[in-house]
Amino acid sequence: MAAALALAERGRGRTAPNPNVGCVLVKDGVVVARGWTQPGGRPHAEAMALAGAGEKSRGATAYVTLEPCAHRSARGPACSDLLIAAGVARVVVALGDPDARTDGAGIARLRTAGIVVDVGIGAEGARRSMAGFLTRTALGRPFVTLKLALSLDGAAAMADGSSQWITGPEARGHAHLERARHEAILVGRGTLEADAPRLDVRLAGLDDRSPKRFILSSATGGHGWGTIAQPGDIATLEGVDHLLVEGGARTAAAFLAADLIDRLLLYRAPILVGGGRTLPEIGLADLSQAHGRWRLHDARQLGSDRLEVYERARN
């Protein structure tokens, strides 16, 4: 299942509105095929893996990060039907599919056909991997990641607003990788006017995965830019399940105040600025409201900088 989850990450930011799913087929202790959801959402992970396995899929075990779909589509058959026709003996599912067209029906169909189905292995990893699809399904909006590059004393920019560059090349390279994993990226108008950012992906082999560009503004953004007037408007962004909020302290504060940040990338540089610009008010009535909101998920060193990844603690 860990291998299937790793494969699922290959499709992150490219499969909306479909989930990014991974699938591994194993027979007699040997991996016979792998699959992951392709750009645009088809073929599905199971279809890709089964096509690669051919007759080797008969009697095999399929490890899938999401319940195989039960609905037919003009774009392809139901994956539960494909698994049955291929003769797999067992299907291990990390997470049930909340899509009303499947939602347990895929698992039931497999079991009715005599296939052993185990559910729940790797569920936490699957929820994290498919956070965009799950958030869109449950809340009707994209999963939102906020990127902040800060000095040791919490400055996001110098007093004059300049912020290039707080972090070093390794951290900036990691930020470009994050861009490649999102369908859309957003900055504030102040950042657009001050920095004229390209917001593209400048990593070899991934330069075709630059996200759509948006600004938070009541005015138009110009050619190649989309616009939303307020944070809540992200629900209207079509084909966007993962949104990266990257530029502007005021924009970051607006999304935090609206409680629309699900994941926080905090790049901390070993520098002191003194008198720099920090985050403005984010809507807390008192200090007690700041506690218990964020859960550390990952931390690593990127050159001289420190990356900390936090997830919003929600019920």
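This is a predicted model: local features need pLDDT of at least 70, side-chain atom pairs count only at pLDDT 80 or more; totals for chains, interfaces and linings use all residues.
User: Why is Leu 199 called buried?

Analyst: Leu 199, which sits in the loop between α8 (189-195) and β8 (212-216), has a relative accessibility of 3%. Buried means under 20% relative accessible area, so Leu 199 at 3% counts as buried.

User: What makes Asp 28 count as exposed?

Analyst: Asp 28 lies in the loop between β1 and β2, and its relative accessibility is 74%. The word exposed is kept for values over 50%, and therefore Asp 28 at 74% counts as exposed. Asp 28 also has a positive phi, near 55°, although it is a residue other than glycine; Leu 199, likewise not a glycine, has a positive phi of about 60°.

User: How do you know that β11 pairs with β13?

Analyst: Two strands pair if at least two bridges are found between them. Six bridges join β11 (residues 263-268) to β13 (residues 305-312), and the two strands run antiparallel, so β11 and β13 count as a pair. Across this pairing, Arg 268 stands opposite Arg 306 in β13.

User: Which order do the eight strands of the open sheet follow, and why are β9 and β12 said to stand at its edges?

Analyst: The order is β9-β8-β7-β10-β6-β11-β13-β12, with mixed pairing. β9 (226-228) and β12 (294-302) each have a single partner strand, so one side of each is left without a neighbour in the sheet. Neighbouring strands of this sheet are turned by 25° against each other on average, direction ignored.

Methods
Residues are numbered from 1 along each chain as its sequence is written. Side-chain values use heavy atoms; hydrogens and water are left out. Helices (H or I, at least four residues) and strands (E, at least two) are DSSP runs, numbered from the N terminus. Axes are lines fitted to C-alpha atoms, for helices over the stretch in contact, and angles run from 0 to 180 degrees between N-to-C directions. Buried means under 20% relative accessible area, exposed over 50%, partly exposed in between (1.4 Å probe, protein chains only).
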